[in-house]
Amino acid sequence: MASGREKAYAYLKDTVLTDPEMQGAFLSEQELADRIGVSRTPIREALLMLAAEDLVELVPKRGARVAPLTGREVRELMELRGLVERYAAERLVAAERVPLEELRSLLERQRALTGAEEAHEFIAVDHRFHASLVSAVGNTLLDRHYDGLRSRQVRAGVVAVFNQQGRQKAVLDEHEAIVDALAAGDAQAACAAIDHHLQSTLKVLLDG
């Protein structure tokens with residue numbers, strides 16, 4: 001059973017920090033404690049953990065503030081994702097171990113989540129799409145490293161969907177291009193499709 005701190009940490013990271021409306025907002029420890037069903041102590045402990053990851057800022061006499069994604073942070077996020085995802089694509093194509101069935105299944109699931117009210121779930125599946133590619137490499141340390149990007153990745157994806165009408169359709173097309181290249185065993189085309197996808201997301205976020 002998860003501890004109070006673990007419950008608070010997971011809720012904050014997966015729900016609060018990925019909400020575009022919470023960017024830059026101050027958090028109420030008591031409100032969070034009531035919502036999660038724990039005391040304020042686990043909330044404080046979870047906020048300290050998130051502050052160590054630079055996901056929240058602890059402001060003296062004001063409390064914890066959700067740290068907004070800066071332009072520099074978004075650029076660095078996309079650069080790092082590109083390095084990891086291109087590496088995964090190249091390794092999997094070379095070893096003929098591309099998880100095509102899983103990727104196609106996740107893509108079809110995304111196709112059913114095109115409404116604005118489903119943006120959060122759409123991006124959650126989006127993360128699973130990319131994470132499944134990385135996970136298939138079979139490198140535990142790489143998985144752990146990539147998973148550490150999840151909160152920022154989901155937050156950036158949700159913001160991008162809200163920033164540009166039609167972004168969900170574009171994401172589906174970009175994911176399909178990645179899958180098609182992988183299915184064809186063309187690592188170069190897969191890497192190009194990954195780069196196009198990440199650069200398109202970056203542009204939407206910076207133009208926001």
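Q: An axis here is a line fitted to the C-alpha atoms of a helix over the stretch in contact, and the angle between two axes runs from 0 to 180 degrees between N-to-C directions. Why are α2 and α3 called roughly perpendicular to each other?
A: In this predicted model, the axes of helix α2 (residues 29-36) and helix α3 (residues 40-52) cross at roughly 110°. Angles of 65 to 115 degrees count as roughly perpendicular, so α2 and α3 get that name. Their axes come within 9 Å, and α2 passes α3 in a right-handed crossing.

Q: Which residues of α2 and α3 meet?
A: From α2 they are Glu29, Gln30, Leu32, Ala33 and Ile36, and from α3 Arg40, Ile43, Arg44 and Leu47. Sorted by class, the residues of this contact are five nonpolar, one polar and three charged.

Q: Which residues form the contact of α1 with α3?
A: Gly4, Arg5, Ala8, Tyr9, Leu12 and Lys13 of α1 meet Pro42, Ile43, Glu45, Ala46, Leu47, Met49 and Leu50 of α3. Nine of the residues in this contact are nonpolar, one is polar and three are charged.

Q: How do you know that α1 and α2 are roughly perpendicular?
A: Their axes cross at roughly 100°, which lies in the range of 65 to 115 degrees. α1 and α2 are therefore roughly perpendicular to each other. The axes come within 11 Å. Lys7, Ala8, Tyr11, Leu12 and Val16 in α1 meet Leu32, Arg35 and Ile36 in α2. Six residues of this contact are nonpolar, none is polar and two are charged.

Q: Which record covers residues 2-69?
A: An unreviewed UniProt entry annotates them as "domain: HTH gntR-type". In the model, the chain over residues 2-69 is 50% helix and 15% strand, with its end C-alpha atoms 29 Å apart.

Q: Why is Gln110 called buried?
A: Buried means under 20% relative accessible area. Gln110 has 0%, so it is buried. It is found in helix α5 (residues 100-111). Leaving out residues up to four places away in sequence, Gln110 touches Phe122, Val125, Asp126, Val171, Leu172 and His175.

Q: What makes Ser151 buried?
A: Its relative accessible area is 3%, and the cut-off is under 20%, so Ser151 is buried. Ser151 is found in helix α8 (residues 150-163). Not counting residues up to four places away in sequence, it touches Lys13, Leu17, Thr18 and Leu55. Ser151 and Thr15 are 136 residues apart in sequence, yet their C-alpha atoms are 9.3 Å apart in space.

Q: How do you know that Ala184 is exposed?
A: Exposed means over 50% relative accessible area. Ala184 has 61%, so it is exposed. It is found in the loop between α9 (167-183) and α10 (187-207). Ala184 and Val93 are 91 residues apart in sequence and 9.1 Å apart in space, C-alpha to C-alpha.

Notes: Residues are numbered from 1 along each chain as its sequence is written. This is a predicted model: local features need pLDDT of at least 70, side-chain atom pairs count only at pLDDT 80 or more; totals for chains, interfaces and linings use all residues. Side-chain values use heavy atoms; hydrogens and water are left out. Helices (H or I, at least four residues) and strands (E, at least two) are DSSP runs, numbered from the N terminus. Buried means under 20% relative accessible area, exposed over 50%, partly exposed in between (1.4 Å probe, protein chains only). Contact means heavy atoms within 4.5 Å. UniProt positions are given in the numbering used here, feature names are shortened, and annotations may be inferred rather than shown by experiment. Angles under 35 degrees count as roughly parallel, over 145 as roughly antiparallel, 65 to 115 as roughly perpendicular and the rest as oblique. A crossing is left-handed if the near helix is turned anticlockwise from the far one by less than a right angle, and right-handed if clockwise. Ala, Val, Leu, Ile, Met, Phe, Trp, Tyr, Cys and Pro count as nonpolar, Asp, Glu, Lys and Arg as charged, and the others, Gly among them, as polar.
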